[in-house]
Amino acid sequence: MYRAVVFDIGNVLVRWNPLGIVEAAFGLSGEEAHARRHALFAETDIWRALNRGEYTEAEAKRAYVDAGHLADHEADAMFAALYDSLHLLEDPPPLMERLAAAGYRLFALTDNVHEVVAHLRERHVRLLRRDLRPLVRNNSVLDVVLLSLEQLDEKRAALVPAGTTTWYFFVSA
């Protein structure tokens, strides 16, 4: 019998739309926007390195600029558009409410970075608290947020369900 449910954060709990980020940051549309999105998120390894924890947000901005992909003001605009775009999707909170009421432990995972997770926690955990107040556990409806670039320590390992393999955990608090 299952005792826990794991939700991905990007496009499951929160909207993730790189094309929309590019459109908003640079005022582009159509093929220009698609090409710029591809250049920034697929052709270069900078975004993937950011997600792997090899760069902080500031270091990734600098890498985009140093590689000639963005000017300083464009790097700032891209990350501002990123944060503005991260909206909670409508369907998951009611599902999470039903699952929590049925006794399931709720987890979320992401390959995003500290700064984005901090933003999501600030912006959306409050919304979840409001929407799911009766279900709050340790100030969050989620038992644990899994952040792929974090190291697993003993405290976090104690929260991992038996049989879970190779995940890194970030305790939501």
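**Exercise 1.** Is E74 buried, partly exposed or exposed?

*Solution.* The model is predicted.
Step 1: locate the residue; E74 lies in helix α5.
Step 2: take its relative accessible area, which is 21%.
Step 3: apply the cut-offs, where buried means under 20% and exposed means over 50%. E74 is therefore partly exposed, because its relative accessible area of 21% falls in between.

**Exercise 2.** Find which residues E74 touches, leaving out residues up to four places away in sequence.

*Solution.* 
Step 1: list the partners of E74, which are F26, R36 and H69.
Step 2: turn to F26, which touches R36, L40, L70, E74 and M78 under the rule that leaves out residues up to four places away in sequence.
Step 3: take the spacing of E74 and Y64, which are 10 residues apart in sequence and 9.4 Å apart in space, C-alpha to C-alpha.

**Exercise 3.** Describe the largest nonpolar core and say which elements supply it.

*Solution.* 
Step 1: the largest nonpolar core has 37 residues. F26, L40, W47 and M78 have the most contacts inside this core.
Step 2: two or more residues each come from α1 (18-26), α2 (30-43), α3 (46-51), α4 (57-66), α5 (72-85), α6 (92-101), β2 (105-110) and α7 (114-131).
Step 3: α5 gives the largest share of the core, 6 residues.
As background, nonpolar side chains in soluble globular proteins tend to be buried together.

**Exercise 4.** Work out how α1 is oriented relative to α2, and what lies in their contact.

*Solution.* 
Step 1: the two helices pack at an angle of about 110°, and their axes are 9 Å apart.
Step 2: angles of 65 to 115 degrees count as roughly perpendicular, so α1 is roughly perpendicular to α2.
Step 3: from α1, the residues P18, L19, V22, E23 and F26 meet A33, H34, R36, R37, L40 and F41 of α2.
Step 4: by class, this contact has 7 nonpolar, 1 polar and 3 charged residues.

Terms used. Residues numbered from 1 in each chain as written. Predicted model: local features only at pLDDT ≥ 70, side-chain atom pairs only at ≥ 80, totals over all residues. Heavy atoms only, no water. Core = buried A, V, L, I, M, F, W, Y, C linked by side-chain atoms within 4.5 Å. Buried < 20%, exposed > 50% of the residue type's maximum accessible area, 1.4 Å probe, protein only. Helix = DSSP H or I, 4+ residues; strand = E, 2+ residues; numbered from the N terminus. Contact = heavy atoms within 4.5 Å. Axes fitted to C-alpha atoms, helices over the stretch in contact; angles between N-to-C directions. Parallel < 35°, antiparallel > 145°, perpendicular 65-115°, else oblique. Nonpolar A, V, L, I, M, F, W, Y, C, P; charged D, E, K, R; others polar.
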